Amino acid sequence: MTTLTQAPPTPPAQRTATRPVRAKGFGTPPWFAVPAFAFFTAIVAIPTVLGVYYAFTNWDGISAAPVFVGLDNFIQLFKTPETIQALGNTLLMALVITVAQNAIGLALAAGVNSRIKSRNVLRTFLFAPVVMTPIIVGYLWQFLFIPNGPIARLAEVVGIHNLNVLGDPATAIWGVMVVVIWQHAGYSMVIFLAGMQGIPEEINEAAALDGAGVWKRFVHVTWPLLRTPLVINITLSLIMSFKLFDQVMATTQGGPGYSTQTLSTLLYFEAFQFNHFSSGIALGVIVFVLTAVISFAQMRLFRDRNAA
Amino acid sequence: MFHKKGAIRTLAGIAVSAVIALTFAGCASSPSSKSTSSDPVKSSSSLSGDLTVSYLSGNPFTDDTLKKFGAMNPGLKIRDVQSTSNTYQAQIRAQLDSGQGPDVIFIWTGSGNAMAAQILGGAGKLVNLSNQPWAKSMDPAAKTLVSLNGKVYGLTTVQNPYGFFYNKDKMKELGITPPTTFSGLINTCKAVRKKGLVLIALGAQTGYLAYGIPAQLANSIAYTKDPNYLTKLGKGEETWTDSKVWNQSLSKALDEYQTMIKAGCFQDNVTGYSEDAVKQMVASGKAVGTYLISAGLPALRALAPDMKIDFATLPATEKASDLVLTANPGSAWGVSASSKNKAAAEALVNYMGTPQRQALDAQANFGFPYTVNKDVKVPAELTGAGKLYKEGKVLLFPTALWPNPEVKQTIIAECQNLLNGNETVDGVLKAVQKSFGGK
């Protein structure tokens, strides 16, 4: 029987005295960080700060001397109905994808965290979509969703006729979300699975001895101990949802109409199709602020709950 | 069981280096093939030094052009820098911005993006090519697309027709011929539909295909009212917002588009089909043909290698003599203002602009040279377009002359909504009219 309560022995004092450097641990000299810091500053920090500045100018992507225009780009963006629709679509997608992807990921993790023989094959199979290129996944689902295609024919069997998922403005956004959730649920699964495997078996055994069934063990033992993976998963899926681009461009290109336009696809159109680089950057700033605020808020919420 | 573990500390390796090799250049080569006797630009011993040419990858005709030009000018060291379409614009634009651009650059016509002739020319990034031999004989419409304030900044050589590409054998089997009047088109649509097929497989999920038909019909209608309407708009003699010819024509064209939808000219749920999907419909015999730009032909040909394909322009009026060909302007070539070898760069563009090279370019890219050339060899798939081309009945696709790129995005979205029944013709017209004003 493992003695969990026994404290580990203290290292002999003599050893500490004779080998002071090793006993204190490997101390990394601060200047070791200089190359990384220099790279980060040159490649990330300076362009980011400059980018934010350009959001307040009229830069067209080619002229050397942009003029400062204050909040004009932001005001102009929020005056156009396309931006409002893209913002609404992005928020809806972030909410639905985050909830569904993590719920499915959790269910899959619970399923493959078992002793069944094929668990490793299943884990690989369920994780496979994650490593696929989003554009390829988009094209694949575009084919599956085609009217009279495989999914439409399946729908006919259950009495849903004339299904046009990606071509109908009412359903197109849900079709795109299915594509994203299908691809990323395996990612959430892996993180939840890692969390589940970190839970000591003894706790579940003890709960089982106390008469707790599978569901009760999950609700009262496993779930509370999955808070950290949950926070990681929610943060990652939120960030991914806010910058959703590839799957939208591959499946619907923001259409039909503007029904699947997201902030990221609008950013692309503003910058690279319309030559409104400053408006594009302003949209990038909006996405950044939204992602930061929501991620920070949810992490704070979970931290407060943990503290309580 | 408790195991006493020694305090073993392992110094892990520290991976610090981050070497980022951003090699955008696809490949560099020094062409060395032999010149042919028919090459129009003769070897010039005065051309020497380095010459960098940037263009989109996957362009065998340009590869061949450089090879031949290099062979004619052995003193030149030509370096071709090819990029894919998703990185090309950002990469070359950054190079031009820093004064380190290539000598000869693949650019776009009009002002639709940051690498378009009028945008780069206006920003002083391109050499004024107005005095080059090809610029003087350039087709007026093509010239409009690459000029700004009377200066020519690029050479554009090929235009690609838009229209109905159909399976000739399927037409024969159904006992129909390409319609030459609008009512004939509607009757043909109905007749084909009765036989369980569709005449035109439309991939309205792909942006340009959603508005291609009404834009082409509007062009044809406007041409009957004023054959010079596009030239006037291109030169700024009229504005898109105020042009009665254009606005009335677009209105009628959108009405006709709705009539086509109701007559079953297209398959159901067109906004759920992409360009690739409709090509498969044609290849599998579910549709007689599809609406495409000729540059999309190779993909259709790949799906149906043995199919006999021909082209027809969609009629917008009740007179067969009103039929005109609508063509999309192709790409263009410019010389960088920061080029260190302008003489060689201009010589290469001049070589590309010779009638012989233009004709070969058109053939390689399923298009036609801008300047009507009666001797041009028409590909079999474009037989139906060849007659109109040789008669000089060609109009540019209006997109190229629209005042800003938002118009295109607006008309795509509005036409998709129209096809879905979520928008009216008036709604489309108002949105398009508004977009002409830009931001």
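Reader: Where is Gln273(A) found?
Author: This is a predicted model, to be clear. Gln273(A) is in helix 14 of chain A, which covers residues 263-273.

Reader: Which residues is Gln273(A) in contact with, leaving aside its neighbours within four places in sequence?
Author: Asn113(B), Pro405(B) and Gln409(B).

Reader: Back up a bit. How many helices and strands does chain A have?
Author: 15 helices and zero strands.

Reader: What percentage of chain A is buried?
Author: 34% of its 308 residues. On contacts in chain A with a separation of 6 or more, 71% are between residues 24 or more positions apart.

Reader: Now the core. Which residues touch the most other members of the largest nonpolar core?
Author: Ile107(B), Ala117(B), Ile200(B), Leu202(B), Leu348(B) and Val349(B). That core has 186 residues.

Reader: Which element gives the largest share of this core?
Author: Helix 9 of chain A, residues 172-197. It supplies 13 residues.

Reader: Where does this core lie relative to domain 1 and domain 2 of chain A?
Author: Between them, because both domain 1 (34-70) and domain 2 (80-307) give residues to the core.

Reader: Take Val349(B). What is it in contact with, apart from neighbours within four places in sequence?
Author: Val104(B), Leu129(B), Gln132(B), Leu155(B), Trp333(B) and Val335(B).

Reader: Switching to backbone geometry. Which residues does a cis peptide bond join?
Author: Gly255(A) and Pro256(A), with omega at about -5 degrees. Pro256(A) sits in the loop between helix 13 (246-251) and helix 14 of chain A.

Reader: What about phi at Asn162(A)?
Author: Positive, about 60 degrees, although Asn162(A) is not a glycine. Its place is the loop between helix 8 (150-157) and helix 9 of chain A.

Reader: Is Asn162(A) buried or exposed?
Author: Exposed, because Asn162(A) has 12 other C-beta atoms within 10 Å.

Reader: Why does Asn269(B) count as buried?
Author: Because Asn269(B) has 22 C-beta neighbours inside 10 Å. The cut-off for buried is 20 or more.

How values were computed: Residues numbered from 1 in each chain as written. Chains lettered and ligands numbered in written order. Predicted model: local features only at pLDDT ≥ 70, side-chain atom pairs only at ≥ 80, totals over all residues. Core = buried A, V, L, I, M, F, W, Y, C linked by C-beta atoms within 7 Å. Helix = DSSP H or I, 4+ residues; strand = E, 2+ residues; numbered from the N terminus. Domains from an automatic or database assignment. Contact = placed C-beta atoms within 7 Å.
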